[in-house]
Amino acid sequence: TLLALTLLHVNSAGAFVAPSTSAKGYQPDNSPSLSSATLDEVESSPAVDSQEEERQRIKRDLLGRLGEKTVADSVLADPVTKEPLRFSSKGPILGGSKAGVAVTLESESGSSSYAGRTNTYYNLLEPVAAPQQSDEDEKTSVSRYPILSSLLSFTPPPLRGVLANLDSNVEYVPMRDLFTSPQVSFAYERGWRQGFQAAGFPGADAEYELAKEYFEPVIASKRAKGDGTDVLVDMSCATGLFTRRFAKSGDYTRVIACDYSESMLNEARRRIREDADIANAPTKLDLVRCDVGRIPMKSDSVDAFHAGAAMHCWPEIEKSLQEIHRVLVPGGRYFATTFLGNYFNTVASAERASNGGEDLATNMQAFQYFPTKEFLRDLLLDAGFEADKVEVEVVGVGCVIIRAEK
């Protein structure tokens with residue numbers, strides 16, 4: 001409001017600016033007071049005195065703050081068409097980073113648009129105006145029902161899919177939707193993630209150092225060549241356990257943290273706000289809601305791709321790995337940790353018992369049950385990674401560490 005009043009004051013004040021004595025035939029400016037298009041056509045001339053030039057400069061600056069700004073993103077793309085996305089925002093940018101700004105992300109062709117805020121996350125999972133589905137095909141993700149999602153998080157794994165899908169209009173994919181529960185998001189860094197050490201996970205700090213060490217040559221090479229911004233993606237970022245470490249290290253120009261779960265992203269943002277080191281870091285940090293099976297990024301746009309304790313929760317594992325290979329730049333690197341299936345023997349056995357001794361369909365399982373490291377290696381090769389650039393290591397009882405280069 002203050003900027004708008006100032007703009008009107010500056011605009012009206014122009015009527016009282018005396019014309020230069022050399023500006024013969026001077027006419028008042030009759031253009032609309034808020035037309036940025038007209039302002040852009042104003043050319044500087046020796047005939048216009050310094051006071052008039054200053055008035056126009058102030059006016060342009062205020063219009064820039066009050067009007068719409070459109071910027072093409074160098075990485076983000078439509079998750080379906082892979083067209084580049086353009087950011088646009090309206091309204092004054094006031095209140096600093098905590099207030100945030102509402103933005104629209106529109107595909108290059110204008111066929112789809114998405115929404116978000118700079119102080120929360122960009123929702124690239126659901127278009128602003130999704131196409132209407134027929135009644136027989138329409139399903140709503142269980143993440144739209146926080147109470148149901150929370151109750152299911154306390155339900156034994158074999159029963160989760162059965163209970164959720166009693167309503168044919170609700171879609172529940174256990175390995176994905178378990179983490180949409182606010183209770184799980186709350187518990188994740190309050191004991192849940194720490195429990196992974198029983199399977200052989202080295203702990204967050206040690207895992208971060210392993211990933212950082214693997215990514216270092218890629219980032220160093222890009223910066224040495226002066227090839228522009230280096231980008232790290234933290235997929236299935238959960239509460240930002242690794243996102244925060246990557247962002248405040250200052251080792252990356254841009255970090256994009258992604259997750260399917262709104263509650264995880266909200267918890268991640270809350271923790272990011274509380275970390276003063278991130279606010280002081282030079283890294284650009286964005287949070288994005290998306291599906292790893294449809295990564296909303298351009299091909300060959302990501303230098304380093306991280307997925308900590310995540311792959312066993314991806315329903316479309318083959319498609320997800322293909323997408324990771326697609327978005328990596330040539331020479332880009334993928335670092336991941338996940339569980340071997342043997343760690344979930346008890347859960348898998350219970351599922352089979354509930355299904356008459358037969359394995360459940362993959363989308364009804366609590367997790368992906370990777371049988372061996374060779375199986376995981378084959379998945380990576382099928383996704384496009386080359387054999388001599390893939391390393392799969394088993395640590396402890398059931399922890400797998402993956403390193404792969406495109």
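A strand is a DSSP run of E of at least two residues, and strands are numbered from the N terminus. The legends below describe close-up views of a predicted model.

**View 1. Residue D73 in strand β1.** Strand β1 covers residues 69-77, and D73 is part of it. D73 has a relative accessibility of 8%, so it counts as buried, the cut-off being under 20%. Apart from neighbours within four places in sequence, the contacts of D73 are L85, F87, R254 and K298.

**View 2. Strand β11 and the strands paired with it.** Strand β8 (residues 231-234) pairs with β11 in the parallel sense, over 3 bridges. In this pairing V233 stands opposite F305 of β11. Strand β12 (residues 328-339) also pairs with β11 in the parallel sense, here over 5 bridges. F305 stands opposite Y334 in β12.

**View 3. The β-α-β unit built from β11, α13 and β12.** Helix α13 spans residues 317-327, and together with β11 and β12 it makes a β-α-β unit. The unit is right-handed.

View 4. Most residues other than glycine have a negative phi. S236 has a positive phi, near 55°, and A309 also has a positive value, near 50°. S236 sits in the loop between β8 and α10 (243-249), while A309 sits in the loop between β11 and α13. With a relative accessible area of 23%, S236 is partly exposed, because the range for that class lies between 20% and 50%. A309 has a relative accessible area of 10% and is therefore buried.

View 5. Rolling a probe the size of a water molecule over the atoms shows where empty space is left. In this structure there is 1 cavity of 30 Å³ or more. The volume of the largest cavity is about 60 Å³. Its lining is made up of Y188, R193, D234, S236, C237, A238, L241, F242, H306 and G308. Sorted by class, the lining of the largest cavity has 5 nonpolar, 3 polar and 2 charged residues.

Key:
Residues are numbered from 1 along each chain as its sequence is written. This is a predicted model: local features need pLDDT of at least 70, side-chain atom pairs count only at pLDDT 80 or more; totals for chains, interfaces and linings use all residues. Side-chain values use heavy atoms; hydrogens and water are left out. Helices (H or I, at least four residues) and strands (E, at least two) are DSSP runs, numbered from the N terminus. Buried means under 20% relative accessible area, exposed over 50%, partly exposed in between (1.4 Å probe, protein chains only). Contact means heavy atoms within 4.5 Å. Two strands pair if DSSP finds at least two bridges between them. A crossover is right-handed if, with the strands pointing away from the viewer, the path from the first strand over the helix to the second runs clockwise. On a 1 Å grid over the protein atoms alone, a cavity is a set of points where a 1.4 Å probe fits but cannot get out, and a pocket is an open set with protein on both sides within 12 Å along at least five of seven lines; lining residues have an atom within 4 Å of a point. Grid points are joined across faces, edges and corners, and a volume is the space filled by probe spheres set on the points. Ala, Val, Leu, Ile, Met, Phe, Trp, Tyr, Cys and Pro count as nonpolar, Asp, Glu, Lys and Arg as charged, and the others, Gly among them, as polar.
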